[in-house]
Amino acid sequence: MTDDVRPSAEEAGMTDVKDDVCIVGGGPAGLALALLLLRSGVGVVVVERSRSLERSYRGEILQPGGLAVLGELGVLPGVLDRGAHELSGFRLLADGRVLMSIDYNRLPPPYNHLLSVPQQHVLGELLALCEGYERFSYLPGYRIRELLTEGSQVTGVVAGGPEGGYRVAARCVVGADGRYSRTRTLAGIDAGRIDAFDQDVLWFKLLAPDRLTGRVQIHRAAGGAVIVHDSYPGRLQIGWTLPHRGYQAIAERGLEHVKQRLRTALPRYADLIDEQVTSLHDLTLLDVFAGCADEWARDGLVLIGDAAHTHGPLGAQGINLALQDAALLHPLLINALRTGDLSAGALGEFARVRRPDVDRVVKTQLMQSRGMLTRNPVADAIRPVATTLIGRTPIGKKITQRIAFGNPAIRVHSELFVSD
Ligand SMILES: Cc1cc2nc3c(=O)[nH]c(=O)nc-3n(C[C@H](O)[C@H](O)[C@H](O)COP(=O)(O)OP(=O)(O)OC[C@H]3O[C@@H](n4cnc5c(N)ncnc54)[C@H](O)[C@@H]3O)c2cc1C
């Protein structure tokens, strides 16, 4: 952090901007929070590193809990108009046999399915609604460079881009800049990385309009599981899980070897892999980690979404949690702005309320990872019992509800909205 004794913005070739809240990161967490605050009469500046809404290999699967937040915000119809595929749940397969199924049609409508939707459709819709408010400033193409402070209080950010920069003064800064959050680093907060998954995921997409799955399918294969789900429009998004740092040795043996490994792991899509994977550049490697930052709040600063807590892709929880974080922080932040208490103590209420939900998700993901992917006689014997339990009993319905909604008590506080 830097103390605020410095040349004026003009002298430094920067533009000064000032409003109530500065949100760093225009992802699902940042833009959902921006819209909630704008609707409540709060002025918002969003600093976003990217100039476009394209976010390749981000979360595409929305859980019912996230859908409910978007539905209550009135964003969902527009998102659906832009295009999405509905999915009926999760299925674990080995050698073409179904080992375990989690069906969302057991849940109460209307949010009784998953939605596979390009993140840009969600972000585009949120942004379009934010842009309808006079007190919204969007700074695409600018990265946070510094946190401004007065004593211990964070008072804004410096954001830089190819065409100069902005000095944004705000009563509160929200770090919503994702799993490698620069805001978090600048505040000196540790990411709390948990390497419990010990896996990397190799992602790619195949055009397959006639072979969509209608579900998230997890194929157990020799050498790692493969996640397959429909990706709008008419594609399959495929994630091949590999031992952490294991891809390098495979890639060094060349494209044909990698394709052979993929065909063996996913024989039903061997023809598509053959035709469409033409270069190692068609494949994107992402390291999978979970993490939970030590602190989520400082005086004048709060972290949400992946910046505060990061999750592995299994069980598709990240966007859900990010959208629910925004819904949960909204009333707390409105109250803090009204009372003028933007201390770490007041903003830290968010962490106190939210951490137990996040811990539960991490535990459930670890359980899912062990239950679905572990290969040993005990796990193999328990799995059919677990399938029956999840598929047919009230406890199973409760587990499905937990995975689908996270904390079901989280809702949008529309009573705080002011008329436009
Ligand atoms: C390959 C992959 C697959 C996934 N699949 C799923 C899934 O199916 N379902 C699911 O729910 N979750 C999934 N996730 C997780 C999900 O994408 C994230 O949890 C979710 O996007 C978090 O939202 P967020 O707004 O907190 O962060 P992000 O979506 O990461 O948004 C952060 C924003 O901050 C911006 N930013 C970053 N650095 C800076 C900076 N220095 N200055 C300014 N702006 C900055 C970024 O450009 C971005 O727009 C997946 C993640 C990965 C990597």
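**View 1. The two domains of the chain.** In this predicted model, the protein chain is divided into domain 1, made up of 14–60 + 123–194 + 293–370, and domain 2, made up of 84–117 + 198–287 + 375–405. The centres of domain 1 and domain 2, taken over C-alpha atoms, are separated by 30 Å. Where the domains meet, six residues of domain 1 are in contact with 13 residues of domain 2. Sorted by class, the side of domain 1 that touches domain 2 consists of three nonpolar residues, two polar residues and one charged residue.

View 2. The pairing of strand 4 with strand 8, in the antiparallel sense, runs over two bridges. Leu-62 has Leu-115 of strand 8 as its bridge partner.

**View 3. The cis peptide bond from Pro-109 to Pro-110.** The peptide bond that leads from Pro-109 to Pro-110 is cis, and its omega is near 10°.

**View 4. The cis peptide bond between Tyr-232 and Pro-233.** Tyr-232 and Pro-233 are joined by a cis peptide bond, for which omega is about 0°. The loop that holds Pro-233 is the one between strand 15 (224–231) and strand 16 (235–243).

**View 5. Asp-95, with a positive phi.** Although Asp-95 is not a glycine, its phi is positive, at about 50°. The residue Asp-95 sits in the loop between strand 6 (89–94) and strand 7. Asp-95 counts as exposed, because 9 other C-beta atoms lie within 10 Å and a residue with 12 or fewer is taken as exposed.

**View 6. Ala-316, with a positive phi.** Ala-316 is a residue other than glycine whose phi has a positive value, near 45°. Ala-316 is placed in the loop between strand 20 (309–310) and helix 9 (318–339). Ala-316 counts as buried, because 25 other C-beta atoms lie within 10 Å and a residue with 20 or more is taken as buried.

Terms used: Residues are numbered from 1 along each chain as its sequence is written. This is a predicted model: local features need pLDDT of at least 70, side-chain atom pairs count only at pLDDT 80 or more; totals for chains, interfaces and linings use all residues. Helices (H or I, at least four residues) and strands (E, at least two) are DSSP runs, numbered from the N terminus. Two strands pair if DSSP finds at least two bridges between them. Domain bounds come from an automatic or database domain assignment. Two residues are in contact if their C-beta atoms, placed from the backbone, lie within 7 Å. Ala, Val, Leu, Ile, Met, Phe, Trp, Tyr, Cys and Pro count as nonpolar, Asp, Glu, Lys and Arg as charged, and the others, Gly among them, as polar.
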